[in-house]
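Biologist: I'd like to learn how to read a ligand site and some helix packing. Could you walk me through a case?

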Amino acid sequence: MSRRAFVAGNWKMNKGPLEADALAMELKRALIDASGVDVAVAPPFLSIPAVVARLSHGGIAVVGQDLHPEVSGAFTGAVSGEMLKQAGCSYVLVGHSERRSLFGDTDAVVARKLRAALRAGLKPILCVGETLAERDAGTAIAVVQAQLSAALGELDRDSMMTITIAYEPVWAIGTGRTASPDQAQEMHAQIRGWLSARFPREVPASVRIQYGGSVTASNASSLMSQPDIDGALVGGASLNAESFRAIVEAAASKPRLS
Ligand code: PGA
(Lines give C-alpha, C1' and ligand atoms only; values in the text may rest on other atoms or scores of the structure.)
Protein backbone atom coordinates (compact mmCIF):
# COMPACT_ATOMS: atom_id res chain seq x y z
CA MET A 1 0.00 0.00 0.00
CA SER A 2 1.59 3.27 -1.00
CA ARG A 3 1.26 6.51 0.87
CA ARG A 4 0.84 9.74 -1.02
CA ALA A 5 2.94 12.57 0.41
CA PHE A 6 0.94 15.26 2.24
CA VAL A 7 2.14 18.82 2.86
CA ALA A 8 0.02 21.23 4.90
CA GLY A 9 0.69 24.90 5.61
CA ASN A 10 -0.34 26.18 9.04
CA TRP A 11 -0.80 29.92 8.73
CA LYS A 12 -1.46 30.30 12.48
CA MET A 13 -2.70 33.82 13.39
CA ASN A 14 -1.49 35.36 10.12
CA LYS A 15 -3.35 36.54 7.04
CA GLY A 16 -6.72 38.24 7.42
CA PRO A 17 -9.28 37.70 4.64
CA LEU A 18 -7.68 40.12 2.18
CA GLU A 19 -4.10 38.88 2.63
CA ALA A 20 -5.29 35.28 2.73
CA ASP A 21 -7.04 35.74 -0.58
CA ALA A 22 -3.84 37.14 -2.09
CA LEU A 23 -1.68 34.28 -0.75
CA ALA A 24 -4.20 31.67 -1.90
CA MET A 25 -4.09 33.19 -5.38
CA GLU A 26 -0.29 33.04 -5.42
CA LEU A 27 -0.32 29.43 -4.18
CA LYS A 28 -2.79 28.37 -6.81
CA ARG A 29 -0.46 29.73 -9.47
CA ALA A 30 2.72 28.38 -7.87
CA LEU A 31 1.32 24.89 -7.37
CA ILE A 32 -0.44 24.48 -10.69
CA ASP A 33 1.91 21.65 -11.67
CA ALA A 34 2.13 19.94 -8.29
CA SER A 35 1.23 16.30 -8.74
CA GLY A 36 1.67 13.16 -6.69
CA VAL A 37 1.29 15.07 -3.45
CA ASP A 38 -1.69 16.22 -1.37
CA VAL A 39 -1.49 19.90 -0.44
CA ALA A 40 -3.54 21.80 2.13
CA VAL A 41 -3.51 25.15 3.93
CA ALA A 42 -4.87 26.13 7.35
CA PRO A 43 -5.87 29.83 7.41
CA PRO A 44 -7.32 31.57 10.48
CA PHE A 45 -11.09 30.86 10.84
CA LEU A 46 -12.09 34.28 9.56
CA SER A 47 -10.13 33.81 6.33
CA ILE A 48 -11.43 30.34 5.51
CA PRO A 49 -14.28 31.50 3.21
CA ALA A 50 -11.93 33.64 1.11
CA VAL A 51 -9.42 30.81 0.78
CA VAL A 52 -12.08 28.21 -0.01
CA ALA A 53 -13.54 30.48 -2.68
CA ARG A 54 -10.11 30.99 -4.23
CA LEU A 55 -8.98 27.37 -4.06
CA SER A 56 -12.18 25.54 -4.93
CA HIS A 57 -11.42 23.05 -7.71
CA GLY A 58 -7.75 23.94 -7.34
CA GLY A 59 -6.62 20.72 -5.71
CA ILE A 60 -5.51 22.47 -2.51
CA ALA A 61 -7.56 21.45 0.52
CA VAL A 62 -8.49 23.78 3.38
CA VAL A 63 -7.84 22.90 7.03
CA GLY A 64 -9.27 24.34 10.25
CA GLN A 65 -6.63 25.16 12.87
CA ASP A 66 -8.76 23.98 15.80
CA LEU A 67 -12.36 23.13 16.69
CA HIS A 68 -14.65 23.02 19.73
CA PRO A 69 -15.79 19.55 20.82
CA GLU A 70 -19.51 20.48 20.75
CA VAL A 71 -21.69 20.97 17.67
CA SER A 72 -23.15 24.33 18.77
CA GLY A 73 -24.20 26.23 21.87
CA ALA A 74 -23.12 28.84 24.39
CA PHE A 75 -19.36 28.68 23.79
CA THR A 76 -18.40 32.27 23.04
CA GLY A 77 -15.56 32.61 20.58
CA ALA A 78 -15.55 28.95 19.56
CA VAL A 79 -16.05 27.25 16.20
CA SER A 80 -17.34 23.70 15.74
CA GLY A 81 -16.25 21.01 13.32
CA GLU A 82 -19.65 21.15 11.66
CA MET A 83 -19.12 24.87 10.95
CA LEU A 84 -15.70 24.21 9.46
CA LYS A 85 -17.15 21.47 7.28
CA GLN A 86 -19.97 23.77 6.16
CA ALA A 87 -17.40 26.46 5.30
CA GLY A 88 -15.54 24.05 3.02
CA CYS A 89 -12.77 22.57 5.18
CA SER A 90 -11.89 18.93 4.73
CA TYR A 91 -9.25 18.62 7.45
CA VAL A 92 -8.72 20.07 10.93
CA LEU A 93 -5.62 20.32 13.13
CA VAL A 94 -6.13 18.76 16.54
CA GLY A 95 -3.78 19.15 19.49
CA HIS A 96 -1.28 21.56 17.95
CA SER A 97 1.37 22.28 20.58
CA GLU A 98 0.37 25.96 20.67
CA ARG A 99 -3.19 24.91 21.55
CA ARG A 100 -1.82 22.56 24.17
CA SER A 101 0.60 25.03 25.77
CA LEU A 102 -1.12 28.42 25.26
CA PHE A 103 -4.81 27.47 25.35
CA GLY A 104 -4.78 24.65 27.88
CA ASP A 105 -5.79 21.76 25.60
CA THR A 106 -5.12 18.67 27.72
CA ASP A 107 -4.89 15.15 26.29
CA ALA A 108 -8.52 14.65 27.34
CA VAL A 109 -9.64 17.78 25.46
CA VAL A 110 -7.61 16.73 22.42
CA ALA A 111 -9.35 13.33 22.46
CA ARG A 112 -12.78 15.01 22.54
CA LYS A 113 -11.83 17.35 19.70
CA LEU A 114 -10.58 14.46 17.62
CA ARG A 115 -13.90 12.65 18.02
CA ALA A 116 -15.74 15.87 17.21
CA ALA A 117 -13.74 16.17 13.99
CA LEU A 118 -14.70 12.64 12.98
CA ARG A 119 -18.36 13.31 13.86
CA ALA A 120 -18.30 16.36 11.58
CA GLY A 121 -16.79 14.40 8.69
CA LEU A 122 -13.44 16.19 8.89
CA LYS A 123 -10.13 14.37 8.58
CA PRO A 124 -8.09 15.09 11.72
CA ILE A 125 -4.40 15.97 11.63
CA LEU A 126 -3.34 14.96 15.14
CA CYS A 127 -0.25 16.85 16.35
CA VAL A 128 2.06 15.22 18.89
CA GLY A 129 5.52 16.08 20.14
CA GLU A 130 7.76 16.42 23.16
CA THR A 131 9.28 19.50 24.79
CA LEU A 132 13.03 20.04 25.00
CA ALA A 133 13.01 19.15 28.71
CA GLU A 134 11.25 15.87 27.89
CA ARG A 135 13.75 15.05 25.14
CA ASP A 136 16.68 15.88 27.43
CA ALA A 137 15.17 13.69 30.13
CA GLY A 138 14.99 10.77 27.67
CA THR A 139 11.19 10.59 27.79
CA ALA A 140 10.38 11.84 24.26
CA ILE A 141 9.10 8.49 22.99
CA ALA A 142 7.01 7.84 26.10
CA VAL A 143 5.49 11.34 25.90
CA VAL A 144 4.52 10.92 22.26
CA GLN A 145 3.11 7.43 22.87
CA ALA A 146 1.01 8.77 25.74
CA GLN A 147 -0.36 11.52 23.46
CA LEU A 148 -1.17 8.91 20.79
CA SER A 149 -2.88 6.61 23.30
CA ALA A 150 -5.00 9.39 24.75
CA ALA A 151 -6.19 10.60 21.35
CA LEU A 152 -6.34 7.43 19.24
CA GLY A 153 -6.37 4.50 21.65
CA GLU A 154 -10.07 3.72 21.33
CA LEU A 155 -10.62 4.43 17.65
CA ASP A 156 -11.80 1.81 15.20
CA ARG A 157 -10.05 0.91 11.96
CA ASP A 158 -12.26 3.04 9.69
CA SER A 159 -11.74 6.16 11.78
CA MET A 160 -8.00 5.51 11.88
CA MET A 161 -7.88 5.39 8.10
CA THR A 162 -8.91 9.09 7.99
CA ILE A 163 -6.19 10.27 10.41
CA THR A 164 -2.93 12.03 9.67
CA ILE A 165 -0.36 12.32 12.45
CA ALA A 166 2.02 15.29 12.62
CA TYR A 167 5.12 14.77 14.73
CA GLU A 168 6.18 18.24 15.84
CA PRO A 169 8.87 18.40 18.51
CA VAL A 170 7.93 21.51 20.49
CA TRP A 171 11.58 22.64 20.58
CA ALA A 172 11.65 22.76 16.78
CA ILE A 173 8.50 24.83 16.23
CA GLY A 174 9.21 28.39 15.14
CA THR A 175 12.75 28.16 16.51
CA GLY A 176 14.72 27.55 13.32
CA ARG A 177 16.03 24.43 15.04
CA THR A 178 14.84 21.42 13.03
CA ALA A 179 15.03 17.84 14.24
CA SER A 180 17.72 16.08 12.23
CA PRO A 181 16.36 13.69 9.59
CA ASP A 182 17.58 10.77 11.76
CA GLN A 183 15.94 12.13 14.92
CA ALA A 184 12.68 12.65 13.05
CA GLN A 185 12.83 9.25 11.34
CA GLU A 186 13.44 7.56 14.70
CA MET A 187 10.27 9.06 16.17
CA HIS A 188 8.23 8.46 13.01
CA ALA A 189 9.24 4.78 13.07
CA GLN A 190 8.20 4.62 16.73
CA ILE A 191 4.83 6.13 15.87
CA ARG A 192 4.32 3.64 13.03
CA GLY A 193 5.34 0.85 15.39
CA TRP A 194 2.78 2.08 17.90
CA LEU A 195 0.10 1.94 15.17
CA SER A 196 1.24 -1.56 14.08
CA ALA A 197 0.88 -2.90 17.59
CA ARG A 198 -2.74 -1.73 17.89
CA PHE A 199 -4.45 -1.71 14.53
CA PRO A 200 -4.83 -3.95 11.45
CA ARG A 201 -1.94 -3.84 9.00
CA GLU A 202 -3.52 -1.41 6.58
CA VAL A 203 -3.58 1.31 9.27
CA PRO A 204 0.21 1.65 9.81
CA ALA A 205 0.67 1.10 6.08
CA SER A 206 -1.59 3.98 5.08
CA VAL A 207 -1.63 6.55 7.89
CA ARG A 208 0.59 9.45 6.89
CA ILE A 209 3.01 10.87 9.42
CA GLN A 210 4.07 14.45 8.72
CA TYR A 211 7.09 16.09 10.29
CA GLY A 212 6.68 19.66 11.55
CA GLY A 213 9.02 22.18 13.14
CA SER A 214 11.07 24.71 11.18
CA VAL A 215 10.66 22.91 7.85
CA THR A 216 12.11 25.08 5.08
CA ALA A 217 12.86 24.84 1.38
CA SER A 218 16.44 23.89 2.25
CA ASN A 219 15.84 21.09 4.77
CA ALA A 220 12.68 19.58 3.25
CA SER A 221 14.40 17.15 0.86
CA SER A 222 16.58 15.52 3.49
CA LEU A 223 13.61 15.12 5.84
CA MET A 224 11.40 13.71 3.07
CA SER A 225 14.06 11.18 2.09
CA GLN A 226 13.40 9.30 5.33
CA PRO A 227 11.18 6.23 4.87
CA ASP A 228 8.62 7.07 7.55
CA ILE A 229 8.32 10.81 6.87
CA ASP A 230 5.31 11.19 4.57
CA GLY A 231 5.14 14.96 4.32
CA ALA A 232 5.32 18.11 6.37
CA LEU A 233 3.27 20.45 8.50
CA VAL A 234 4.81 23.82 7.74
CA GLY A 235 4.36 27.02 9.73
CA GLY A 236 6.52 30.04 8.91
CA ALA A 237 7.67 28.83 5.48
CA SER A 238 4.06 28.31 4.37
CA LEU A 239 3.42 32.07 4.45
CA ASN A 240 5.53 32.52 1.35
CA ALA A 241 4.27 30.93 -1.88
CA GLU A 242 7.75 30.29 -3.25
CA SER A 243 9.15 28.54 -0.18
CA PHE A 244 5.95 26.51 0.26
CA ARG A 245 6.15 25.47 -3.40
CA ALA A 246 9.73 24.27 -2.90
CA ILE A 247 8.66 22.15 0.10
CA VAL A 248 5.75 20.67 -1.87
CA GLU A 249 8.17 19.81 -4.67
CA ALA A 250 10.55 18.12 -2.24
CA ALA A 251 7.64 15.99 -1.01
CA ALA A 252 6.46 15.24 -4.55
CA SER A 253 9.85 13.83 -5.50
CA LYS A 254 9.87 11.47 -2.53
CA PRO A 255 9.69 7.85 -3.68
CA ARG A 256 6.48 6.21 -2.49
CA LEU A 257 7.05 3.60 0.14
CA SER A 258 4.82 1.14 1.88
P1 PGA B 1 7.15 26.26 12.00
O2 PGA B 1 5.74 25.78 12.61
O3 PGA B 1 7.30 25.59 10.65
O4 PGA B 1 7.05 27.76 11.91
O5 PGA B 1 8.21 25.80 12.95
C6 PGA B 1 5.29 24.46 12.45
C7 PGA B 1 3.97 24.27 13.14
O8 PGA B 1 3.75 24.83 14.22
O9 PGA B 1 3.07 23.56 12.62
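**Reading the site and the helices**

Modeller: Start with who surrounds the ligand: the shell holds 13 residues, and the closest are K12, H96, E168, G174 and S214. Keep in mind that this is a predicted model.

Biologist: Okay, and how does the shell around the ligand divide into nonpolar, polar and charged residues?

Modeller: Sort the residues of the shell by class. Here you get four nonpolar, seven polar and two charged.

Biologist: Which side chains put an N or O atom by an oxygen atom of the ligand, K12 to begin with, and at what distance?

Modeller: For polar contacts, look at pairs of N or O atoms within 3.5 Å. The side chain of K12 has an N or O atom 2.7 Å from a ligand oxygen. With E168, a side-chain N or O atom is 2.6 Å from an oxygen atom of the ligand. The backbone can take part too: an N or O atom of the G236 backbone lies 2.9 Å from a ligand oxygen.

Biologist: How much of the ligand's accessible area does the protein cover?

Modeller: Compare the ligand on its own with the ligand in place. On its own it has 280 Å² of accessible area, and the protein covers 95% of that.

Biologist: Now the helices. At what angle do the axes of α1 and α12 cross?

Modeller: Take the distance and the angle together. Helix α1 (residues 17–30) and helix α12 (residues 241–252) have axes that come within 9 Å and cross at roughly 40 degrees. As for handedness, α1 passes α12 in a right-handed crossing.

Biologist: And how do α5 and α7 pack?

Modeller: Read them the same way. Helix α5 (residues 107–119) packs on α7 at about 45 degrees, with the axes 8 Å apart. That angle makes α5 oblique to α7. The crossing of α5 past α7 is right-handed.

Biologist: What about α7 and α9?

Modeller: The axes of α7 (residues 140–152) and α9 (residues 181–198) come within 11 Å, crossing at roughly 40 degrees. They are therefore oblique to each other, and α7 passes α9 in a right-handed crossing.

Conventions:
Residues are numbered from 1 along each chain as its sequence is written. This is a predicted model: local features need pLDDT of at least 70, side-chain atom pairs count only at pLDDT 80 or more; totals for chains, interfaces and linings use all residues. Side-chain values use heavy atoms; hydrogens and water are left out. A residue is near a molecule or strand if one of its heavy atoms lies within 4 Å of it. A polar contact is a pair of N or O atoms within 3.5 Å; within protein, one must be able to donate a hydrogen and the other to accept it, and residues adjacent in sequence count only if both atoms are side-chain atoms. Accessible areas come from the Shrake-Rupley method with a 1.4 Å probe; for residues, only the protein chains shown count as cover. Ala, Val, Leu, Ile, Met, Phe, Trp, Tyr, Cys and Pro count as nonpolar, Asp, Glu, Lys and Arg as charged, and the others, Gly among them, as polar. Axes are lines fitted to C-alpha atoms, for helices over the stretch in contact, and angles run from 0 to 180 degrees between N-to-C directions. Helices (H or I, at least four residues) and strands (E, at least two) are DSSP runs, numbered from the N terminus. Angles under 35 degrees count as roughly parallel, over 145 as roughly antiparallel, 65 to 115 as roughly perpendicular and the rest as oblique. A crossing is left-handed if the near helix is turned anticlockwise from the far one by less than a right angle, and right-handed if clockwise.
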